[in-house]
There are 2 protein chains.
Amino acid sequence: MEEFIVTFKPQDRKIRVKRGTDLLTAALKAGVSLNSSCGGEGLCGKCKVIVKKGEVKTEPSKLINEKDRARNAILACESIVESDLEIAIPSESLELHKIESHDAEEFSKGVILKREGAFRHLPLIEKIYLELPEPTLDDNTSDLDRIYREIERRLEGLFLSAKVSNVRLLGDVLRESGFKVTVTIAHKEGACEIIAIEPGDTSKHNLGFAFDIGTTTVVGQLIDLNTKRILGSKIAYNKQAPYGSDVITRIIYGSDPKGLEKLNGAVVDNINEIIEDLSSEFKLDMTNVHAVVCAGNMTMMHFLLEIDPTHIRKAPYIPTMTTFSPIHSSEVGIKMSPKGILYCLPGVTTYIGGDTVGGVLASGIFDSDEVALLVDIGTNGEIVLGNREWMIGAAASAGPSFEGSGLSHGMKAVNGAIQKVKIAKSLDVEYETIGEAKPKGICGSAYIDLLRGMLKNSVMTKDGKINSERASKRIRKGELTYEFVVAFKKETATGEDIVIQEDDIENLKRAKGAIYSAILSLFIKVEKEVSEVKKVYIAGGFGNYISIESAVSIGLLPDIDRSLYEYIGNSSLAGARMSLLSRDALAKTKDIARSITYIDLSSEPRYMDEYVAALFFPHTDSGRFPSVR
Amino acid sequence: MEEFIVTFKPQDRKIRVKRGTDLLTAALKAGVSLNSSCGGEGLCGKCKVIVKKGEVKTEPSKLINEKDRARNAILACESIVESDLEIAIPSESLELHKIESHDAEEFSKGVILKREGAFRHLPLIEKIYLELPEPTLDDNTSDLDRIYREIERRLEGLFLSAKVSNVRLLGDVLRESGFKVTVTIAHKEGACEIIAIEPGDTSKHNLGFAFDIGTTTVVGQLIDLNTKRILGSKIAYNKQAPYGSDVITRIIYGSDPKGLEKLNGAVVDNINEIIEDLSSEFKLDMTNVHAVVCAGNMTMMHFLLEIDPTHIRKAPYIPTMTTFSPIHSSEVGIKMSPKGILYCLPGVTTYIGGDTVGGVLASGIFDSDEVALLVDIGTNGEIVLGNREWMIGAAASAGPSFEGSGLSHGMKAVNGAIQKVKIAKSLDVEYETIGEAKPKGICGSAYIDLLRGMLKNSVMTKDGKINSERASKRIRKGELTYEFVVAFKKETATGEDIVIQEDDIENLKRAKGAIYSAILSLFIKVEKEVSEVKKVYIAGGFGNYISIESAVSIGLLPDIDRSLYEYIGNSSLAGARMSLLSRDALAKTKDIARSITYIDLSSEPRYMDEYVAALFFPHTDSGRFPSVR
């Protein structure tokens, strides 16, 4: 069949493809990861590219507007190669894939650190330097038993083993080093496996990675396992995005073995790039990295471990596994020590994964005397209520609004995002951006501020419509609905106005309604009043500047004493890090996963009523929000 | 470089080799396994081949006699290819590699079976058929946990796990089978690993192999793990023989990584051929075989697991490992279920391996109220003395004489071997051969009879010289020393006289002296008299017809009540089989290995004296053998 050459600019990547190949596939093959959140279905409009030379056959789409037509823009996924092509990629079609490195700190810094000392410092990987007595005819224990004997003196009561593949040359190693060696031990579910024996004392170099594998972003941290220090952090968008922005689209894609292989490869690429970046940044030898701990939702874990996800999305929504034995990291293609181990935090069920279990670990609810609540607002909202005696959990389909997705000017809490907003009576807007950069868009915490400000200043009605009667240059009719201008184009990095539209408000209203009603449903389930809670931990990808006052004002969070709230940031990552640094913590995650009773909200009789009642700012029943009135 | 084609007849194998390649290497490459026990050093003379066409450059050798020169025979290892060649291989240069299949029964049959019931029937691999309740919204446990839950009901208190690689498609397997599956569980050191989950009920098909990996022979048995039945047995010469007949030569060869790879490959070939032969004989699907248990001496285990053996032969003779965690059988190239597990019996030290530990298990010494003795006469002699409270063990460098090696007409106890001998006063010889075949040579048990008969009839003096003054057509001067004719050529399968020479007697005397003095040294060590022993188990590769009377008469075994002796055959294999059928037994091997105190005879002050005193028939101190006088 006829073949053509497609050149992508400005990357200057060329690829030879057959006639009829779509441009999204061509770009992926050429190593250019275009944005795409619908999986190439022509629905999200994120893969716009500009045809500079040559011919394509393209499907008409409502997502291509006048301006697009003028610049010859098309949807890559809906366009088929018909000749040699030169394609220009506008920066917004790639933007998702670039997160600046210092942003990682925003996502990982220490709000949670105060609990890190809750567990003994017993890292999953230990390096022990041994000076062994040399064997004699009278002390003729085998080389390996000589090592066991010495280790058992130090780590009493543990079951030691070694894979023969890791000790085949032990005889030489011992003798060439004068019986002075460093033994690397991996702790695995109560047993200890010797995974490496090196000459000399290398015990100082003991590194590990903690990862939060999110549907939208992947965050990794390099940790010194001896000192517990976080050496560095990196964040990247999940490379699975081109196969679907949401979990369901990806599951459908991954139900085919080839699709699953791609999804697995994408997230492993994420992990490898972060490991490589941090290793080269700190000039570290990656072969000293023997442990990775990953926390993520159940679907992400299935993709990471290349487990068929088909049945997750079919009633009754059963994952293949919720607990994961440690495996060789090389088995899934993670590039670090060839003897390294991958640990994954266990989950409860399809909707409560290791990310939430990590959050429960990091927040300490499982060990709390009083009733506490954890609300983790990621692409989904997970909620756990309980204490030392009991825990129940539920998941709310909040959608990705609070992570800045699916909104006209939404973005992650990264450099250039508006993260705080104040609206004056005059309707003047004051905002802060991350990195003090010119604004590029609005992140979750700012949307919450914005809704509060609009409500308070009657820019928005209680059911989420923009008050078009109020005269202001910031209130106007947009292409489809009314909108409120947060930043005018002269102020912005994009050269376009940054606005919030009625559709955005509708999305945010549903998201906050889903979360609030889920929280309420758990209290109803255990027959407790919201006022009985003594601590509320808010976790998630908002960035670090969520205003609890704003969140309560719009009816996202219950109207209780604000001092009971604590924002704990990325608690999934914190849970992974704590587990990496303490096998007690890792063992505790299993107890936690077993202890949480999952409540399926769709079968809770009152959930739908609660949800509908919550589709109002702050709530249909304003008695629930006395301090907001 | 110039290349030539070498054709080997009668196999008709052709191989292209470079000028200067030696013929032994060429034959190996062509897949023709010539005998060779010196490792190609020109010392053993076993690799004779006949040049039919073409030219070789060959080193002169004393091992090439007149007859050889007449037929154009050369040593393959000492001859270099100088042109295209046609090489004929005489059958004796291949004979070692053929053992007829029924011979395996001789090596494995049931002398030991009476102890097989000593352990609970808890095979290392279990197959459990489960009919699981289908999941619902209320019973939404993950697929794997659903299986765990059901198994935990049946196997209480065990730690269950599964490698993600074995359950990636579990979702489909469960749903396509209507949640009726067979779970294959491997028991590993107290933990249970799920290694396979298949649709439907396949629990009836559960097979395993037990192997005795000897320096000279490899014996395998196919076992039905459900019924404990031995379905079949096979024996083959250890394919490592071309790299050295004895352990030391092979260790030197294996100290180079490439050499080790070859030694490993050779024994794995042995195992694979036996597995394949038995599987095809019984028309079995090898993928149902999930377990292999191997017992062998420490060097054989190092080769099997491809562990550097270098330090075994250097003082203070330390092996890398003496205990072995179960590994995937595929890791060493064993061909059965790709998920199969290889278990190896633990040893005590370089000189007391898993074969002896298997013997202690099978004989029951470890559980005996009274003092018992185990004498395992293989290529080395291993001796264990003790009871439930204590055990000590030693190894004697007996050499391979009693296995029929290193003697002018020695052979293994296989088809055609003379296995029993009686010498009449007239010096007429009556003998029995294995398989009632024409004799090809003499095996260990017959040599013992022969020495006794020669001694009794004054054919041989007490120091092992042939009485040349006694007139008989059977006593004559051979090429180098005097010899006694056991079978004249008209009776034999080889068309040559079968004789015992003074050199053979010397070898046998040293062998029996080494074993007897080792036994005595252990009694001396624990300050006990030989008469205090209440049971003596004789194990080894003699075949099943060793005469205890003969063995005592020549001073190989102590002169005690003959009824205390019991011949238990291949107790290494029996130990492997018992471990395969009972995890209690396998666990016990570890206790046994730990419990045996190894006595290094070379550092025992009285051992050398005892040895020298034992170089006499039956002994220098005839008071030790009162019943023989």
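Let me start with confidence, since everything after it rests on a predicted model. For the complex, the predictor gives an ipTM of 0.83 and a pTM of 0.83. Chain A has an average pLDDT of 90, and 96% of its residues score at least 70. Within chain A the confidence is lowest in helix α3, residues 103–108, where the mean is 52, and it is highest in strand β17, residues 341–344, at 98.

Next, the layout of chain A. The domain assignment gives domain 1 as 3–97, domain 2 as 107–115 + 207–344, domain 3 as 125–199, domain 4 as 354–399 + 508–624, and domain 5 as 401–504. Taken over C-alpha atoms, the centres of domain 3 of chain A and domain 5 of chain A are separated by 61 Å.

Now to the place where the chains meet. Here 40 residues of chain A are in contact with 40 residues of chain B. On the side of chain A that touches chain B, α4 (143–154), β9 (159–162) and α5 (170–176) of chain A each supply at least two residues, and the largest share, four residues, comes from α5(A). By residue class, that side of chain A divides into 17 nonpolar, 13 polar and ten charged residues.

How far apart are the end C-alpha atoms of helix α10 of chain A, residues 444–456? They are 19 Å apart, and because 13 residues at 1.5 Å a residue should span 18 Å, the value in the model agrees with the expectation. The helix α10(A) is mostly covered, with twelve of its 13 residues buried; among them are A:Y447, A:I448, A:D449, A:L450 and A:R452. After α10(A) comes A:S458, and the phi of A:S458 is positive, near 55 degrees.

Turning to chain B, helix α10 (residues 444–456) should likewise span 18 Å at 1.5 Å a residue for its 13 residues, and its end C-alpha atoms are 19 Å apart, which agrees. Twelve of the 13 residues of α10(B) are buried, so this helix is largely enclosed by the rest of the structure; the buried residues include B:D449, B:L450, B:L451 and B:R452. What follows α10(B) is B:S458, with a positive phi near 55 degrees.

The largest nonpolar core has 319 residues, and those with the most contacts inside it are A:V486, A:I515, B:V486 and B:I515. If we leave aside neighbours within four places in sequence, A:V486 is in contact with A:I418, A:V421, A:V429, A:Y431, A:I442, A:L450, A:I498, A:V499 and A:I500. One of these contacts, A:L450, brings us back to α10(A), where A:L450 is among the buried residues.

B:A593 is in helix α14 of chain B, residues 583–595, and B:A593 counts as buried because 22 C-beta neighbours lie inside 10 Å. Apart from neighbours within four places in sequence, B:A593 is in contact with B:T322, B:T323, B:P346, B:G347, B:V348 and B:V357. B:S33, by contrast, is placed in the loop between α1 (23–29) and β3 (48–53) of chain B, and with 18 C-beta neighbours inside 10 Å it counts as partly exposed. B:S33 and B:P242 are 209 residues apart along the chain, and their C-alpha atoms are separated by 7.6 Å.

I will end with backbone geometry. Most residues other than glycine have a negative phi, and most peptide bonds are trans. Against that background, a cis peptide bond joins A:F617 and A:P618, with omega about -10 degrees, and A:P618 is in the segment after α15 (607–613) of chain A. In chain B the peptide bond from B:F617 to B:P618 is cis, with omega near -5 degrees.

As for positive phi values, A:K283, in the loop between α7 (257–281) and β15 (289–296) of chain A, has a phi near 50 degrees. Is A:K283 buried or exposed? It is exposed, because 6 other C-beta atoms lie within 10 Å. A:L427, in the loop between β21 (417–423) and β22 (429–433) of chain A, has a positive phi of about 70 degrees although it is not a glycine, and with 19 C-beta neighbours inside 10 Å, A:L427 counts as partly exposed.

Key. Residues are numbered from 1 along each chain as its sequence is written. Chains are lettered from A and ligands numbered from 1 in the order in which they are written. This is a predicted model: local features need pLDDT of at least 70, side-chain atom pairs count only at pLDDT 80 or more; totals for chains, interfaces and linings use all residues. The expected span of a helix is 1.5 Å times one less than its number of residues. A residue is buried if 20 or more other C-beta atoms lie within 10 Å of its own, exposed if 12 or fewer, and partly exposed in between; C-beta atoms are placed from the backbone. Two residues are in contact if their C-beta atoms, placed from the backbone, lie within 7 Å. Ala, Val, Leu, Ile, Met, Phe, Trp, Tyr, Cys and Pro count as nonpolar, Asp, Glu, Lys and Arg as charged, and the others, Gly among them, as polar. Domain bounds come from an automatic or database domain assignment. pLDDT is the predictor's confidence in each residue, from 0 to 100. A nonpolar core is a set of buried Ala, Val, Leu, Ile, Met, Phe, Trp, Tyr and Cys residues joined through C-beta atoms within 7 Å.
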